[in-house]
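Here are my notes on the aromatic side chains, as promised.

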Amino acid sequence: MEHLTVRMRRMRRNPLLRDMVSEARVNLENLIYPMFVTEEAESREIPSMPGIWRYTIPDLCRAVEETAASGIKAVMLFGIPQHKDPLGTQAYHPEGIVPRAIRAIRKTVGDSILIVPDVCLCEYTSHGHCGVLENGDVLNDPTLELLSRAAVCYVEAGADIIAPSDMMDGRVAAIRRALDEASRTHIPILAYSAKYASAFYGPFREAADSAPQTGDRKSYQMAPANRREALREIELDIQEGADMVMVKPGLAYLDILREARECFEVPLAVYNVSGEYSMVKAAAANGWIDEERIVDEILTAFRRAGADIILTYHALQWAKRRGKH
Ligand code: PBG
């Protein structure tokens with residue numbers, strides 16, 4: 001045996017040494033916890049997403065209190081309205097479910113947590129598409145006006161950050177302009193920039209009751225095969241004024257995340273989507289995987305790939321577990 005000078009195992013010998021050279025860490029400050037709020041009379045757990053609920057406003061306020069107490073600094077909000085119509089009017093009504101929820105959360109927890117409403121029409125339209133539908137086509141430019149109204153309406157209710165997820169062209173510029181005209185120049189935009197047309201959103205669509213009634217989202221969300229196109233989408237959103245950009249979903253798109261990290265200097269987010277959560281939960285419920293270790297590994301992978309911010313349904317359980325150590 002030749003003399004070994006370099007031994008990689010030296011720095012792996014115990015946890016103190018290993019932690020000292022850890023290259024990626026997940027912090028509470030990196031997490032955004034997505035939550036659903038409903039106009040139904042009672043809160044209900046989402047069957048395909050154990051631990052995640054569609055909350056009534058009072059229950060949501062309690063859950064946000066618990067989330068803030070866990071150390072999490074931001075929640076994303078998705079509204080599920082009682083009434084849907086072709087133009088998704090409840091998305092931008094000042095008394096709609098999301099503005100009411102924002103005001104209630106503010107009253108309950110003050111400024112201790114950032115409120116980040118998702119801006120899209122698909123939960124509010126009767127046809128389930130993310131924009132105005134005409135003869136089977138999702139119309140781009142008429143949708144921008146409605147998204148802008150929703151953004152202003154949520155900010156007037158008290159939102160801290162606006163997160164458009166619709167994938168219409170030009171929506172970041174339209175929303176930026178609308179916020180500025182409403183004297184909200186200080187409100188940042190977190191753009192869902194590289195959002196792929198993905199089967200990983202399946203459980204979300206059940207949760208938010210937002211599956212398209214006809215067709216699919218392939219005319220506005222990206223094709224999973226495309227990498228260069230993702231970089232163009234991100235570049236455009238930055239030019240239009242996005243303060244932060246996002247890659248979505250996460251696990252099957254870690255290469256896109258890494259590439260975005262290399263190419264752009266803005267804060268970068270990744271969305272660990274519903275289907276990714278459900279797969280972990282289902283396998284764990286069967287005793288096939290060690291849930292805690294799997295979640296740590298997934299979240300660490302997002303940080304290693306370059307994400308500053310991770311949107312994940314695992315956030316609350318992860319934060320509570322960390323609190324115990
Ligand atoms: C709304 C929206 C979706 C998600 C976030 N915002 C659904 C979709 O585009 O169909 C997916 C989130 C998830 O799957 O967890 N457009």
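1. Let's start with a charge: over the ring of which residue does the charged end of K195 sit? That would be Y201, with the charged end of K195 5.6 Å from the ring centre. Keep in mind that this is a predicted model.

2. There's another contact of this kind to look at. K248 has its charged end over the ring of Y271, 4.9 Å from the centre. Y271 also turns up in a cluster linked by ring pairs, along with F36, F78, Y192, F204, Y277 and Y313.

3. On to the ring pairs themselves: the count comes to nine aromatic pairs. One of them is W53 with Y55, a stacked pair with 6.3 Å from centre to centre and 10° between the planes. W53 is partly exposed, at a relative accessible area of 32%, whereas Y55 is buried, at 15%.

4. Y196 and Y253 make a stacked pair too, with centres 4.3 Å apart and planes at 20°. This one links distant parts of the chain, as the two residues are 57 residues apart. You'll find Y196 in the loop between β9 (190–195) and α6 (202–208), while Y253 is in the loop between β10 (244–248) and α8 (254–263).

5. Are Y196 and Y253 buried or exposed? Y196 is buried, with a relative accessible area of 0%. Y253 counts as buried as well because its relative accessibility is 8%, and the cut-off for buried is under 20%.

Conventions
Residues numbered from 1 in each chain as written. Predicted model: local features only at pLDDT ≥ 70, side-chain atom pairs only at ≥ 80, totals over all residues. Heavy atoms only, no water. Phe/Tyr/Trp six-rings, centres within 6.5 Å; stacked < 30°, edge-to-face > 60°. Buried < 20%, exposed > 50% of the residue type's maximum accessible area, 1.4 Å probe, protein only. Helix = DSSP H or I, 4+ residues; strand = E, 2+ residues; numbered from the N terminus. Lys NZ or Arg CZ within 6 Å of the ring centre and 35° of its normal.
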